[in-house]
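Please look through the structure below before reading on.

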Amino acid sequence: QHLTGGNEVALAVLILSIVSVTGLALSAVKIKGVGLGITGVLFSGILFGHLGWHVDDGVLQFVKEFGLILFVFTIGLQIGPGFFASLRDQGLPLNLCAAAIVLAGATLTALLGWALGIPPFACAGLFSGATTNTPSLGAAQQAIAMIPDAASRSLPALAYAVAYPGGVLGIIVSILLLKGIFRINPEAEAAAFANARRGTIPLLRRRTLAVLNPNLDGLTLHEIPGRHETGIVISRIRTPGSEARVAVGDEILHTGDCILAVGTEEALDGFQKIVGTRSDEDLMDSPDRIQFRRIIVTRKDPLGKSLRQLALHTAYGVVVTRIQRGEVEMTPDGDTKLQFGDTLQAVGNPAGLDQAEGLLGNSSRELGITHYLPVFLGVALGVALGLVPLALPGLPIPVRLGLAGGPLVAAIILGRIGRIGRLVWYMPSGANLALRELGIILFLACVGLKA
């Protein structure tokens, strides 16, 4: 107090910084490859709180809640784009498993609380700490805060801090026991999983095909039967006696032409049966006026628009053969809508590619910029959502998602939508991880000091 001149904010910043530095240094200590990780900050907070270091309750509460909001919101933004797809894939069994784990932990906590005479508020913190479930502690504290004249409001944080070390140790010991009992090699398991995952994503191939089917003579490339069903993209064409050129959709096809098709191995096999036969000619080895270029979508104007609406092939003579979105590579069609960060593989002449690049952006600098207006708008929407009361039968007070659930749900939805007007909910992975780590560090430091 003497050092800061009675300035509570300065004192809070000083104490939280010291707690965080000490905790992160503790987190870096590993014994046989096993360390506390970010939970070292919690233990550091407990130590300094035990030594009498105190932060103003109002400041501590704000920093704690804001840290929790940052943590859950950035997680939601990261998982949002693939959240609903994962639900469709293995959503039911995985969510049933997760629900069973949570219900089993809650049931065990309730039974132990009843048998040992532990107060209900302490049981809430015990459950959160033993399962190392930080957001559930925030939800429990907010639920208790809505109960009028509730005594012992500090019990959840105390029980959480007491149970958390056991939860961390229990997880580590359980994993080591399972590893030894079932003779698991984590490195081999990870490699096998990566290979299996790659096997579920069909690889795209190029193949030069000679047109021998007389029924295709005089048709445009768009009119070739089976092209859209197989997802094939035709990027180049060469007629006998001429050089290869970019294949636009209204190009007339003739018997004897050679085309360069892009698609999966299975799709190419089926398309080849329609067109004719495979050719050894390499249409990639073309004059300099046909180039291949990767273009990243970083401008806002084309976002949400389909390739048909952008009409790159008619406006600039550019054909998009592939789109890389995250870890997934796909062949596009006219209805494919662009998202921020998509990487397009395009074929065309240099002037046309330059024009397409100007339309789409292709700015690595823009890709690394975090736009904070959508972030804070999303946080505000999440907080507002968390404050909405939901009356459920049998409960004395309305249920709310709170400052943990509201921002998480909002971030998942906004991350899935990706864009509303000119607002883009995209955050570079480095910025996302930095904000997430900052949030959990602040939250754990405050919980430790309070406990």
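**A walk through the model**

Once its neighbours within four places in sequence are left aside, Ser-44 is in contact with Val-19, Thr-22 and Gly-23, where contact means heavy atoms within 4.5 Å. This is a predicted model, in which local features need pLDDT of at least 70 and side-chain atom pairs count only at pLDDT 80 or more, while totals for chains, interfaces and linings use all residues. Residues are numbered from 1 along each chain as its sequence is written, and side-chain values use heavy atoms, with hydrogens and water left out.

Ser-44 lies in helix α2, residues 40-50; helices (H or I, at least four residues) and strands (E, at least two) are DSSP runs, numbered from the N terminus. Ser-44 has a relative accessible area of 2% and is therefore buried, a word that stands for under 20% relative accessible area, with exposed meaning over 50% and partly exposed in between, for a 1.4 Å probe and protein chains only. Ser-364, by contrast, is exposed, with a relative accessible area of 63%. Ser-364 is found in helix α13, residues 364-367, and its C-alpha atom is separated by 9.7 Å from that of Val-297, 67 residues apart along the chain.

We turn now to pairs of helices. Two packed helices are described by the angle between their axes and the distance between the axes. Here the axes are lines fitted to C-alpha atoms, for helices over the stretch in contact, and angles run from 0 to 180 degrees between N-to-C directions. Helix α1 (residues 8-27) and helix α16 (residues 429-450) pack at an angle of about 105°, with their axes 10 Å apart. That angle makes α1 roughly perpendicular to α16, since angles under 35 degrees count as roughly parallel, over 145 as roughly antiparallel, 65 to 115 as roughly perpendicular and the rest as oblique. On the α1 side the contact is made by Ile-15, Leu-16, Val-19, Ser-20 and Leu-24, and on the α16 side by Ile-441, Ala-445, Cys-446 and Leu-449.

In a second pair, the axes of helix α14 (residues 372-386) and α15 come within 7 Å and cross at roughly 130°, so these two helices are oblique to each other. Among the residues that make this contact are Gly-378 and Leu-381 of α14, together with Gly-406 and Pro-407 of α15. Helix α15 itself, residues 402-417, has 16 residues and reaches 22 Å from its first C-alpha to its last, close to the 22 Å expected at 1.5 Å a residue, the expected span being 1.5 Å times one less than the number of residues. Its buried residues include Gly-402, Leu-403 and Ile-412, and after the helix comes Gly-418, whose phi is positive, near 85°.

Strand β8 (residues 291-296) runs antiparallel to β11 and is joined to it by six bridges, two strands being paired if DSSP finds at least two bridges between them. Arg-293 has Ala-346 as its bridge partner in β11. Strand β9 (residues 319-325) also pairs with β11 in the antiparallel sense, over five bridges, and Gln-324 stands opposite Thr-343.
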